[in-house]
Number of protein chains: 2
Amino acid sequence: MSWGQLYGVGVGPGAPDLLTVRAVRVLNDVDVIAIPRPNKWSKSLAWRIAEPNVEKNDEQEHLFLEFPMTKDKSVLGPAWDKAFAAIGQRLAQGKSVAFITQGDPMVYSTFIYLFSAANKLWPEVPVKIIPGVTSISAVPAAARVPLADGMERVAVLPATYGVDDLRQVLNDFDTIVLMKVSSVIQDVVGLLEEEGLLDKAVYVEKASSSEERVIRDVRQIRHDKCVYFSMIVVAKKERAGILSDDAESLQKLEKYWQSGVDEGEGNHAH
Amino acid sequence: MSWGQLYGVGVGPGAPDLLTVRAVRVLNDVDVIAIPRPNKWSKSLAWRIAEPNVEKNDEQEHLFLEFPMTKDKSVLGPAWDKAFAAIGQRLAQGKSVAFITQGDPMVYSTFIYLFSAANKLWPEVPVKIIPGVTSISAVPAAARVPLADGMERVAVLPATYGVDDLRQVLNDFDTIVLMKVSSVIQDVVGLLEEEGLLDKAVYVEKASSSEERVIRDVRQIRHDKCVYFSMIVVAKKERAGILSDDAESLQKLEKYWQSGVDEGEGNHAH
C-alpha cells in the first residue's frame with residue numbers, strides 16, 4: 001500500500017493574499033483539501049481565506065470536517081475520530097490531503113491534534129508542514145506597533161488561561177500578546193489601568209481581514225462583546241532601539257532628500 | 001509634492017516560496033527595492049530569499065544599504081543616516097520603495113528602525129506593512145514540534161539579552177523560544193541539563209532554507225560555533241491537547257480507513 005502525502009497548510013491571518021506561494025501551490029496540487037469548520041451551518045474561516053487562491057478543479061475533493069467550539073472531550077473526541085477516519089481513508093487510497101488552518105499550523109491550531117495523531121496513526125505518512133503568517137505578527141502590522149526589537153522579550157498568553165499572574169508577566173516582559181481575549185476583557189482592561197499601561201495597549205480583531213478592527217483606547221471595548229479572534233498587544237517599548245533618543249539627528253536629515261544628493265548605494269536591475 | 005509609498009515587506013524565514021502572494025506582488029510593482037546587507041561584500045540574506053520572486057525589470061532600482069552587524073551607535077547611526085537619506089530622496093521623487101526584511105517586518109527586524117523614523121521624518125508617507133512568516137513559526141515546522149496549543153504560553157527571548165533568569169522563564173512558560181542563541185549556547189545547554197529539559201529542546205538554524213539544520217540532541221552543539229540565525233525551542237508539552245492520553249482511542253480508529261467506509265462530510269468541488 002502506498003500512502004498519500006499529508007500536509008498541514010497555514011493560510012495566514014485573514015487576507016487571501018497573505019497565503020504563501022508554497023501554500024497556494026500545495027492547495028492547487030492536492031487531491032483533497034480537508035477543511036475544519038465549527039458545524040455544518042458555518043462557513044469555515046480558513047476556507048474563506050484559502051478559497052480565492054484555489055482554482056476550480058473537478059478532480060479535487062473539498063472535505064469538510066466539523067469540530068465543535070468546545071473543550072468538552074466527550075464532544076471533541078468523536079469529532080476527531082470521524083475526522084481521522086475520513087482523512088486516514090483517503091491517505092490509504094494514496095490520495096494527498098491538505099488540512100488547512102488559519103494562521104500557522106504549529107501555532108494554536110486545530111492541525112496540531114492531527115499532527116500528533118498522524119505520527120501515531122500513520123507513521124509511514126510523511127507529514128509536511130507549510131508555515132503561514134500567524135496573527136501574532138499580523139496584529140502588530142495592523143496595530144502599527146512593532147512586536148519586538150533588539151533585546152525585547154515577548155510573552156504570548158491565551159487569555160482564556162486566566163489572567164491571575166498577568167501582572168507578573170506585564171512586569172517581566174516588554175511585549176505581551178493576549179490571545180482570545182474576549183472572555184476576560186474587563187479584567188484585562190482593569191489591570192492595564194492599574195498598571196498604568198492603558199496607552200501601551202492596542203486591541204485588534206480579525207487582523208488583516210476585511211473586517212479588521214483596531215481600537216487604541218481599550219477602555220472603549222471594556223464592556224463590548226468581543227469576537228473570538230481578538231487580541232490585545234501591550235508593547236511597553238521601554239527598551240526601544242537605537243533611534244529612540246535620536247529625534248535631533250532625524251531632523252537634521254531632512255536636508256538630504258530635499259537637496260537631491262544621492263547618498264545610497266543604488267544600482268539598477270540588470 | 002507627492003510622496004511615494006513606503007512598504008516594509010517580510011520575505012519570510014528563508015525559502016523563496018514562503019513569501020506571501022502580496023509580498024511578491026508588491027516587490028514586482030514598486031519602483032525601488034531597498035535591500036539591507038551587512039556590508040558591500042556580503043550578499044543580503046533577505047535579497048537571496050526575495051530575488052527568485054522578482055521579475056527582471058530595467059525600470060526597477062535595487063538600492064543596497066549597508067548596516068554593519070554591531071550595536072555600536074556611533075557606527076549604526078551614520079549607516080542609518082545614509083539609508084534614511086537615500087530612501088527619503090526617492091520617496092520625495094514620488095517613487096514607491098519596498099524595504100525587504102527577513103521574516104516579518106515587525107518582529108526583531110531592521111525595518112522597525114525605519115518604521116519608527118518614517119513616522120517622524122515623513123509623516124505624510126503612508127507606510128504599509130506586509131507581514132511575513134517569522135522564524136518563530138518556521139522553526140517549529142522544521143523541528144516538527146508544535147509551538148503552542150490550547151492553554152500553552154510562549155516566551156520569546158533574544159538570548160543575547162543574557163540567560164540570568166532563564167530558569168524562571170523555563171518554569172513559568174510551556175514553550176520557550178531562544179533566538180540568536182549562538183553566543184550563550186553553552187550556558188543554555190548547561191541549564192537545560194540541570195532542569196531536566198534536554199529532551200524537550202531542539203536546535204534549529206536557518207529554518208526553511210536550503211541550509212536548514214535541526215539538532216535534537218542539543219548537547220551535540222554545546223561546543224559548536226553556531227550561526228547567527230539559530231534558535232533553541234524548548235517545548236515542555238506538559239499541558240498538551242485532548243489527544244495526549246488517547247493512545248487507545250487512536251488505535252481503535254485503524255479499522256476505519258482499512259474498512260473503506262466514508263466517515264467524512266466530503267463534497268467535490270463545484
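Among contacts in chain A between residues at least 6 apart in sequence, 71% join residues at least 24 apart, two residues being in contact if their C-beta atoms, placed from the backbone, lie within 7 Å. The model is predicted, with local features requiring pLDDT of at least 70 and side-chain atom pairs counted only at pLDDT 80 or more, whereas totals for chains, interfaces and linings use all residues. Residues are numbered from 1 along each chain as its sequence is written, and chains are lettered from A and ligands numbered from 1 in the order in which they are written.

Chain A contains 8 helices and 11 strands; helices (H or I, at least four residues) and strands (E, at least two) are DSSP runs, numbered from the N terminus. Of the 270 residues in chain A, 49% are buried. A residue is termed buried if 20 or more other C-beta atoms lie within 10 Å of its own, exposed if 12 or fewer, and partly exposed in between, with C-beta atoms placed from the backbone.

Chain A is divided into domain 1 (6-133) and domain 2 (136-235), with bounds that come from an automatic or database domain assignment. The C-alpha centres of these two domains of chain A lie 28 Å apart. Contact between them involves 7 residues of domain 1 of chain A and 9 residues of domain 2 of chain A. On the domain 1 side, the touching residues comprise 6 nonpolar, 1 polar and no charged. In this classification Ala, Val, Leu, Ile, Met, Phe, Trp, Tyr, Cys and Pro count as nonpolar, Asp, Glu, Lys and Arg as charged, and the others, Gly among them, as polar.

The largest nonpolar core has 172 residues, such a core being a set of buried Ala, Val, Leu, Ile, Met, Phe, Trp, Tyr and Cys residues joined through C-beta atoms within 7 Å. The residues with the most contacts inside this core are A:Ala98, A:Val233, B:Ala98 and B:Val233. When neighbours within four places in sequence are left aside, A:Ala98 is in contact with A:Tyr7, A:Val9, A:Val26, A:Leu27, A:Val30, A:Ile33 and A:Ala34.

In H1(B), the buried residues are B:Arg22, B:Ala23, B:Val24, B:Val26 and B:Leu27. These residues of H1(B) pack against H1 of chain A and, within chain B, against S1, S2 (32-37), H2 (45-50), S4 (97-101) and S5 (127-130).

Helix H4 (residues 111-121) of chain A is largely enclosed by the rest of the structure, because 9 of its 11 residues are buried. The buried residues of H4(A) include A:Phe111, A:Tyr113, A:Phe115 and A:Leu121.

In chain B, B:Gly14 is placed in the loop between strand S1 (6-10) and H1. B:Gly14 counts as buried because it has 24 C-beta neighbours inside 10 Å. Not counting residues up to four places away in sequence, B:Gly14 touches B:Ile49, B:Lys206, B:Ala207, B:Ser208 and B:Ser209. The C-alpha atoms of B:Gly14 and B:Val133 are separated by 9.4 Å, although the two residues are 119 residues apart along the chain.

An open sheet is formed by 10 strands in the order S9(A)-S8(A)-S10(A)-S7(A)-S6(A)-S6(B)-S7(B)-S10(B)-S8(B)-S9(B), with mixed pairing; strands pair if DSSP finds at least two bridges between them. Its edge strands are S9 (213-215) of chain A and S9 (213-215) of chain B, each pairing on one side only. Neighbouring strands of this sheet are turned by 15° against each other on average, direction ignored, where axes are lines fitted to C-alpha atoms, for helices over the stretch in contact, and angles run from 0 to 180 degrees between N-to-C directions.

Within this sheet, strand S7 (residues 175-179) of chain A has 5 of its 5 residues buried. A:Thr175, A:Val177 and A:Met179 point one way from S7(A), and A:Ile176 and A:Leu178 the other way. S7(A) pairs in the parallel sense with strand S6 (residues 154-158) of chain A over 5 bridges, and A:Leu157 has A:Leu178 as its bridge partner. Strand S10 (residues 230-235) of chain A runs antiparallel to S7(A) and is joined to it by 5 bridges, with A:Met179 opposite A:Met231. A:Leu178 counts as buried because it has 26 C-beta neighbours inside 10 Å.
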